[in-house]
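Here is a short briefing on one protein model. Look over the sequence and the fold before reading on.

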Amino acid sequence: MTESARRRRPPLDPRLVREVAAARRHVLRTVVLGLVQAGCVIVTALVIARLGSRLLIDRAVPQEAPELLLVLVAALAVRAGAVLVEEATAHRAATSAISELRGRIVGHAARLGPRAGAGRGADLTALATTGIENLRPYLVGYVPQLLLTATVTPLCLLTIGLLDPLSAVIAILTLPLVPLFMVLVGRLTAGRSEKLIADMRSLWSQLLDLVDGLPTLRALGREQGPEATVRRLGDRHRASAMGSLRYAFLSSMVLELLTTLCVALIAVGIGMRLVYGQMDLAPALAVLVLAPEVYLPLRNVGSRYHASTDGLAAVDAAFAVLGEQPPADGDHPAPDLRTSTLVLREVSVRSRDGMAPHRAELSVRPGRVLALTGPSGSGKTTAALVLLGLLPADAGRAEIIAADGTATPVQELQRRSLWAQVAWLPQRPVLPPGTIRSVLAGARPGAGEDQLEAAAAATGLDAVIAERGWDADLGRAGRGISLGERQRLALARAVLSPAPLVVLDEPTAHLDGAAEQVVLDLITALRAAGRTVLVIAHRSALVDLADEVASVRTERAEALR
């Protein structure tokens with residue numbers, strides 16, 4: 001976002017109120033509670049002025065004291081209740097708004113596809129977790145105080161004007177000083193929140209990429225080195241966060257001192273007029289009670305300014321994802337992959353460092369095994385995503401050649417008709433919740449017990465079942481079992497699936513030698529059954545088993561220039 005756009009951005013983002021129902025209800029409720037608090041403040045000031053003036057002038061308790069005290073207690077109780085309701089509902093509203101927005105981000109990013117636009121892989125993970133959580137202090141702290149500024153401050157100022165016009169003039173002249181200093185602080189911190197979120201998302205992206213590729217890096221002996229990049233990003237994130245805290249403490253101190261001086265200015269004026277008999281005691285006491293309430297919401301808004309910038313930066317990042325248009329579904333149904341060939345022609349995909357892959361060429365022929373090889377980070381998985389229509393290519397094209405020779409670009413196909421014919425096994429499979437039996441049966445509804453047992457035996461999953469049982473709970477995302485066991489279960493689901501094309505991304509990366517042989521035998525069995533297999537491979541055993549081998553490479557940005 002440009003500097004001018006940041007200046008024009010309203011403190012209460014209209015997109016949040018318009019499109020997030022929980023935030024909209026929170027704003028309406030806070031406005032009502034703000035009006036209630038304003039009424040209670042005015043009533044409290046008038047009652048205190050009435051009682052105080054009678055006690056100081058008459059030196060006696062007025063006859064209406066019990067009724068006035070009852071009104072005072074009631075006003076204080078109602079105001080305290082309004083504050084408690086506001087704080088309690090604010091946290092629930094923030095949780096609901098964050099949950100609603102997070103669900104929309106994840107759902108929309110799924111429609112965009114992997115690495116689409118602003119929601120790229122781990123970058124999207126950072127936004128949907130810690131990034132969007134910056135809305136909580138914004139909705140809980142900043143927005144209520146902003147709305148109190150629009151309700152309590154003008155009503156109290158109007159009451160002061162009716163009681164003592166001179167004090168109202170002083171307040172009107174000094175009130176702009178608070179937003180003026182807020183603007184000055186804002187200029188000092190311009191872009192800091194966006195930079196903080198960008199640093200955090202970069203750090204998360206690097207960390208998740210490192211964790212995801214750690215087994216491969218260890219296998220290649222390259223586990224030493226990436227920690228320097230992560231440490232550098234962490235130091236940058238820490239320095240940015242500490243800088244924001246320094247400015248936050250400085251701005252709070254300045255605003256506290258400023259509002260204290262403004263209230264003191266009104267109090268000195270009232271005191272001088274009382275001394276010279278130019279003002280009655282009752283309105284003087286009422287104004288003295290109301291004067292701090294005029295500045296308090298605005299001061300609180302200033303002290304929570306950083307929460308607003310963090311929250312608005314999170315809103316901008318969230319709606320940047322939601323604003324992207326998902327790729328349009330094609331008009332043509334996918335041909336039968338049992339007799340069709342999938343082809344990549346000169347495909348290149350832009351990455352952080354250049355192109356990965358760069359000018360990839362491959363053909364996946366029906367009933368055969370193709371091994372896709374290349375150095376780590378060369379874009380093997382990306383090439384498979386382009387081939388399946390999950391990721392658009394920046395150059396070149398992916399197409400499917402039917403049995404009659406008709407070639408159709410993958411992007412022009414109805415994606416669901418294509419994906420229904422594909423069984424995909426990623427490096428780190430994520431499984432649905434349930435038991436081993438239910439998760440395995442979900443790959444082929446209606447499968448018999450003998451089919452389930454055959455798929456388990458073919459993938460070595462029967463050893464896991466013998467130890468844990470068919471009804472073992474997998475937990476969230478399959479985390480109740482080890483990564484190797486998840487790999488076997490996901491492989492069994494691929495075997496059980498009727499899909500004619502099986503895509504295996506490093507299927508032996510987390511397996512020992514004996515388990516690797518099970519996978520090799522399984523690929524041989526899939527080929528014998530007439531199914532097409534695309535395997536992304538590092539290990540030589542997988543490459544040797546393949547009927548054909550295709551290699552991809554990367555092109556660094558320096559070479560492209």
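In which sense do strand 4 and strand 9 pair, and over how many bridges? Strand 4 and strand 9 (residues 532–536) pair in the parallel sense, over four bridges. The model is predicted: local features need pLDDT of at least 70, side-chain atom pairs count only at pLDDT 80 or more, and totals for chains, interfaces and linings use all residues. Residues are numbered from 1 along each chain as its sequence is written, and side-chain values use heavy atoms, with hydrogens and water left out.

**Whole chain**

- The protein chain holds 21 helices and eleven strands. Helices (H or I, at least four residues) and strands (E, at least two) are DSSP runs, numbered from the N terminus.
- The chain has 561 residues, and 46% of them count as buried. Buried means under 20% relative accessible area, with exposed over 50% and partly exposed in between (1.4 Å probe, protein chains only).
- Take the contacts between residues at least 6 apart in sequence: 80% join residues at least 24 apart. A contact means heavy atoms within 4.5 Å.

- Strand 4 covers residues 369–373. Five of its five residues are buried, so the strand is largely enclosed by the rest of the structure.
- Val369, Ala371 and Thr373 point one way from strand 4. Leu370 and Leu372 point the other way.
- Strand 4 also runs parallel to strand 10 (residues 548–551), joined by four bridges. Two strands pair if DSSP finds at least two bridges between them.
- Leucine 372 has isoleucine 536 as its bridge partner in strand 9. In strand 10, leucine 372 stands opposite alanine 550.

- Four strands form an open sheet in the order 3-1-5-6, with antiparallel pairing.
- Strand 3 (360–364) and strand 6 (407–409) stand at the edges. Each has a single partner strand, so one side of each is left without a neighbour in the sheet.
- The twist averages 20° from one strand to the next.
- Strand 1 (residues 341–348) and strand 5 (residues 395–401) run antiparallel, joined by six bridges. Arginine 345 stands opposite arginine 397 in strand 5.
- Helix 13 (residues 380–387) packs on this sheet and touches strand 1, strand 3 and strand 5. Its direction makes about 120° with that of strand 1. Axes are lines fitted to C-alpha atoms, for helices over the stretch in contact, and angles run from 0 to 180 degrees between N-to-C directions.
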